[in-house]
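The sequence and model are shown first.

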Amino acid sequence: LYGEQITAERTLAAAIEQTGESADDLLPKYKSLASEIQNVTTEGDESTLALMQQATALGINSDNIEEATKGAIGLSKSLGIGTQQAIRGVANAFEGNFTTLQRYIPALRTTEDESEKLAIVQRAMADGFEVAKAEADSGFGALQQYDNAVGDLKEQLGETVVEGVEPLVGSLTDL
């Protein structure tokens, strides 16, 4: 689990750097946001970090990452689509292309006005995130949140083990 967390953080940092922004500045903020999302939904922080990495790679800037990430999680829960598909739809919508989401949000087909379409998507994202939060309040959702918390504990334990073993591995490698 520690390896998964570190991998998610490193790939996100690389995506941030590719945009020309500073991973040293943004990564702590993104990790905090992922933890916040984990606390109110059933999404694990490492999957949220991976979603942020994809959002960044799709061109969503740091000013919109929170809205896009929460929105994609919300659309995934409320529309029954995967988060990867949802974040692609959100990234496209932020660029004025609503084709991806028109299949799932019929109201997008009834207007030609771009700003109205974006408002419809933003409402759907916000409403969907409320669905994601409500899911966490259910009996099964509470179990998933517990599982996420245990996962975080295992990540911390893994970090301690890895840090303790590194000097030994280095010595053995030198031999």
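## Thr111 and its loop

Thr111 sits in the loop that connects helix 6 (99-102) to helix 7; helices (H or I, at least four residues) and strands (E, at least two) are DSSP runs, numbered from the N terminus. The model is a predicted one, in which local features need pLDDT of at least 70 and side-chain atom pairs count only at pLDDT 80 or more, while totals for chains, interfaces and linings use all residues. Residues are numbered from 1 along each chain as its sequence is written, and side-chain values use heavy atoms, with hydrogens and water left out.

With a relative accessible area of 8%, Thr111 is buried. Buried means under 20% relative accessible area, exposed over 50%, and partly exposed in between (1.4 Å probe, protein chains only). The side chain of Thr111 reaches the backbone nitrogen of Asp113 at 3.2 Å, and a polar contact of 3.3 Å links the side chains of Thr111 and Glu116. A polar contact is a pair of N or O atoms within 3.5 Å; within protein, one must be able to donate a hydrogen and the other to accept it, and residues adjacent in sequence count only if both atoms are side-chain atoms. Neighbours within four places in sequence aside, Thr111 is in contact (heavy atoms within 4.5 Å) with Glu116, Lys117 and Ile120.

## Helix 7

Helix 7 has 23 residues and spans 33 Å from its first C-alpha to its last, close to the 33 Å expected at 1.5 Å a residue. The expected span is 1.5 Å times one less than the number of residues. Buried residues in helix 7 include Lys117, Ile120, Val121, Ala124, Gly128 and Ala132. An α-helix has 3.6 residues a turn, so residues three or four places apart point the same way.

Leu118 belongs to helix 7 (residues 114-136) and, at 26% relative accessibility, is partly exposed. Residues up to four places away in sequence not counted, Leu118 touches Ala93, Phe94 and Phe98. Its C-alpha atom is separated by 9.6 Å from that of Glu95, 23 residues apart along the chain.

## Helix packing

Helix 5 (residues 83-94) packs against helix 7 at an angle of about 150°, with the axes 10 Å apart. Axes are lines fitted to C-alpha atoms, for helices over the stretch in contact, and angles run from 0 to 180 degrees between N-to-C directions. The two helices, helix 5 and helix 7, are therefore roughly antiparallel, a class for angles over 145 degrees. Val90, Ala93 and Phe94 in helix 5 meet Leu118, Val121 and Met125 in helix 7.

Helix 3 and helix 5 pack at an angle of about 35°, with axes 10 Å apart. Leu51, Gln54 and Ala55 of helix 3 make this contact with Thr83, Gln84, Ile87 and Arg88 of helix 5.

## Thr42

Another loop, between helix 2 (23-40) and helix 3 (45-57), holds Thr42. Thr42 is buried, at 10% relative accessible area, and its side chain makes a polar contact of 2.8 Å with the side chain of Glu135.

## The whole chain

The protein has eight helices and zero strands. Of its 175 residues, 38% are buried. Among contacts between residues at least 6 apart in sequence, 58% join residues at least 24 apart.

Technical notes:
Angles under 35 degrees count as roughly parallel, over 145 as roughly antiparallel, 65 to 115 as roughly perpendicular and the rest as oblique.
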